[in-house]
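Visitor: Please take me through one part of this model in close detail. I would like to look at the aromatic pairs.

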Amino acid sequence: MGRIVISGASGDLGHRVTDLLLAADPDAELTLVTRTPEKLYQGGTQRHRVCQGDYRDAASLDAAYSGGEILFLISGLNLGRRVSEHRNAISAAQRAGIRHIVYTSVGGVQPNNPALSSRDHCQTELDLRASGLTYTILRNSLYSEIVSNVLVAPGVESGLLTQATGDGFIAPVAKSDVADSAATCLLQNERHADAVYEITGSELLNFHDIAAIATEVHGVPVKYAPVSVEERLAFFDSVGIPRTYDPSMPPSADGHMWASDELISAEVAISEGYQAIMSHHVKHITGREPVPLRSVMERCKSLRYDEIGAHVS
């Protein structure tokens, strides 16, 4: 499988993919790169090393990526700084002699997509194409776990799900399917060279559909009511979510750093149809059908989002 570098390894996706690669080959030559190496298991084999690396620190990436052949570039979280951070990672990969990058992008990437995160990922995709390296781009749809436990959960308590998503459609994807797709592309990188995949679930749903699923799973009536951008912004203000993303702000109770500018732009993108994408790429890559949203919701309905691990979903 070659010498694989997982950059951003201490996050949930990094953990899942690491476990899948080691399950495929316990003696895999893995380098796990993270800003917080103390969060990673330090054991493994002599071929499994943990390195400190920060997308903002090119020198740290040079040392961490050294000796690697394939890079799993898990996208950064810093809105507006992702482009420069990802450029540091791509440049470090070139200097290290890495030949292939598997990159986690987002669904619906194109220049006109109003989602702020999409703009960052769009530029990184262009940078990858210009890098001279082979690549696999995984355009991951919205996680089913976020739909279930961040978006739907408040509506279960109140009976009303409100968003500025209009009647737009999405095809939520389970984290397990994202991880399986990524691990397979790393293991079979030559087969997936220069491919761009839409990693989605197998159901194209609007939030009326999602509210109906929530009603059945939770056993309480949940109704979806589209609201305006102004109404949604007022709600975020009322619960103390800052309007502008700041990388230094404290995380929310569920472990995320949310800001209303990014959240609302993502909802508008759904309402305008930019996320109305459903593919069969998960099955094409892994040979398995994607996990339905209903199954994820049933497994995770009693948990907070930050409590959902690979053993659950």
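Guide: A residue counts as buried when its relative accessible area is under 20%. The model is predicted. By that cut-off F207 is buried, because its relative accessible area is 0%. Now the pairs. A search of the whole structure finds two aromatic pairs. One of them joins F207 and Y224. Their ring centres lie 5.7 Å apart. The planes meet at 40°, so this pair is tilted. F207 belongs to helix α7, residues 207-218. Y224 belongs to strand β11, residues 223-226. The pair therefore ties together parts that are 17 residues apart in sequence. Y224 is buried too, with a relative accessible area of 3%.

F235 and F236 make up another pair. Centre to centre, these rings are 5.7 Å apart. The angle between their planes is 55°, and this pair is tilted. F235 is partly exposed, at 41% relative accessible area. F236 is buried, at 5%.

For context, turn to strand β1, residues 4-7. In a regular strand the side chains alternate between the two faces of the sheet. In β1, I4 and I6 point one way, V5 and S7 the other, and all are buried. Strand β1 runs parallel to β2, residues 30-34, and four bridges join them. I6 stands opposite L32 in β2.

How values were computed. Residues numbered from 1 in each chain as written. Predicted model: local features only at pLDDT ≥ 70, side-chain atom pairs only at ≥ 80, totals over all residues. Heavy atoms only, no water. Phe/Tyr/Trp six-rings, centres within 6.5 Å; stacked < 30°, edge-to-face > 60°. Helix = DSSP H or I, 4+ residues; strand = E, 2+ residues; numbered from the N terminus. Buried < 20%, exposed > 50% of the residue type's maximum accessible area, 1.4 Å probe, protein only. Pairing = 2+ DSSP bridges.
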